[in-house]
Amino acid sequence: MDSLITLIQGAYQLVGSTTNVNSGDVWGVASILLLLVAALPALISRPPRPEVKLPEATQEISTQPEVVEAPPAKVVESFASRLKKGLSRSHQEIWGRIPALLGSKQLDQEQLEELEELLYSADLGPTMVNELISKLEEEWSGKEIGASEFKSSVSQYLREKMAPIQQQLSPTDNQFNPEHKGEKPKVIMIVGVNGAGKTTTIGKIATKLTAQGASVVVGACDTFRAAAVDQLEVWCERSGASMVRAKEGSNPSGVAYGALEQAQQSGADYCLLDTAGRLHTKGNLMEELNKNKRVLSKLDPDAPHEVWLVLDAITGQNAMRQAEEFNRTLKLTGLIFTKCDGSSKAGSAISIVDQLKVPIIYIGVGESVDDLDIFNLDHYLLALLDGGTPENYH
Ligand SMILES: Nc1nc2c(ncn2[C@@H]2O[C@H](COP(=O)(O)OP(=O)(O)OP(=O)(O)O)[C@@H](O)[C@H]2O)c(=O)[nH]1
Ligand SMILES: [Mg+2]
């Protein structure tokens with residue numbers, strides 16, 4: 001007890017009190033201390049945490065690295081298959097009628113007349129139809145000819161007619177070769193009647209070339225309609241090609257000049273020139289295209305390197321007259337057949353190539369970029385006559 005009194009006395013002195021400590025004080029202080037000691041665990045302990053219920057595990061956690069499944073590969077339809085679809089109308093309406101015409105009897109005059117009518121409806125043109133009928137008569141008269149023999153005979157004839165002209169081109173001629181980067185720009189002028197598909201085709205070609213790594217300048221030489229220039233601008237923006245345009249109504253040959261100048265200065269690989277549609281029968285408008293050509297040659301004596309005529313396959317035999325006129329005025333170097341998807345008259349392409357001795361460069365079977373591709377004679381004949389694609393045969 002004495003030692004406790006001494007301890008408390010010391011504590012009083014420490015806090016500066018001079019009061020004497022008696023035994024009553026001691027009991028008071030001791031009982032307070034005891035109370036404090038008893039309450040201490042309760043004071044220092046934290047309030048209990050609310051119990052958090054964890055959701056039950058629904059699946060086992062794997063220690064294996066996660067295998068991410070690749071998204072299904074996008075199926076890209078081949079151009080041969082698009083071509084087949086595009087030409088299916090021509091195939092069904094014309095060439096698909098052959099089995100019904102050729103019964104199991106010997107080839108006679110009546111059958112020959114029916115076949116002649118069929119070939120005319122395919123828009124092969126009188127020269128080719130006459131030649132084909134004579135060939136059939138010579139080879140098959142008095143013999144039984146089946147549908148497949150007739151088709152292979154026609155196919156062989158058309159191939160013989162077209163191949164020497166198409167072989168002037170190699171399949172890579174119109175693809176950009178990066179090894180030629182830095183050479184002067186190749187100038188391609190696109191011409192044709194109203195609505196043939198010139199602007200759309202330029203847009204598609206520009207898109208293909210830029211995708212191959214080429215730098216392309218497009219000249220909007222159709223200065224008659226602001227809408228035509230806007231349409232071209234959309235394609236150029238999408239493809240990354242630069243576009244040279246002039247004010248509505250200004251001189252188209254000025255735009256052609258400006259476009260080639262920009263292509264030369266910027267080191268572009270191609271200069272594509274869109275022109276206004278015009279009737280082949282309007283002499284003054286045709287002459288204007290010649291002026292475009294002359295103006296270009298001031299910047300490059302070889303320009304334009306190509307003059308391609310866009311022909312709408314739906315036009316049928318009228319396409320022949322258009323082709324003849326444009327060729328007479330401009331010396332065409334290539335043909336582009338558009339809208340082969342909407343026509344049963346796709347055969348006109350063949351007779352034009354034969355007549356003009358000018359090859360087909362591109363063929364169009366729809367409005368999207370992928371619906372235009374380099375013309376392939378074998379694929380074309382296969383799709384037209386057999387309704388097939390090369391995949392069916394390999
Ligand atoms: N179905 C189909 N439509 C096409 C094809 N090519 C072009 N067209 C469409 O044909 C229409 C006319 O095409 P444009 O490119 O404007 O024709 P254009 O020759 O420039 O016409 P103008 O400038 O008015 O002389 C547009 O609606 C094109 O989308 C094709 O291969 N198939
Ligand atoms: Mg146009």
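Of the 394 residues in the protein, buried ones make up 36%. Keep in mind that this is a predicted model. The fold has 16 helices and 8 strands. If you take the contacts between residues at least 6 apart in sequence, 76% of them join residues at least 24 apart.

A quick word on confidence. The pLDDT averages 81 over the protein, and 78% of the residues reach at least 70. Residues 14–19, though, have a pLDDT below 50, and this stretch makes 2 contacts beyond near neighbours in sequence. Residues 52–62 also stay under 50, and here the model has 0 contacts beyond four places in sequence.

Now for strand β1, which covers residues 186–191. Why can β1 be called largely enclosed by the rest of the structure? Because 6 of its 6 residues are buried. Lys 186, Ile 188 and Ile 190 point one way from the strand, while Val 187, Met 189 and Val 191 point the other way, and all of them are buried.

Ile 190 turns up in both pairings: its bridge partner in β4 is Asp 274, and in β5 it stands opposite Trp 308. This Ile 190 is also one of the buried residues of β1.

Definitions and conventions
Residues numbered from 1 in each chain as written. Chains lettered and ligands numbered in written order. Predicted model: local features only at pLDDT ≥ 70, side-chain atom pairs only at ≥ 80, totals over all residues. pLDDT = per-residue confidence, 0-100. Contact = placed C-beta atoms within 7 Å. Buried ≥ 20, exposed ≤ 12 C-beta atoms within 10 Å, placed from the backbone. Helix = DSSP H or I, 4+ residues; strand = E, 2+ residues; numbered from the N terminus. Pairing = 2+ DSSP bridges.
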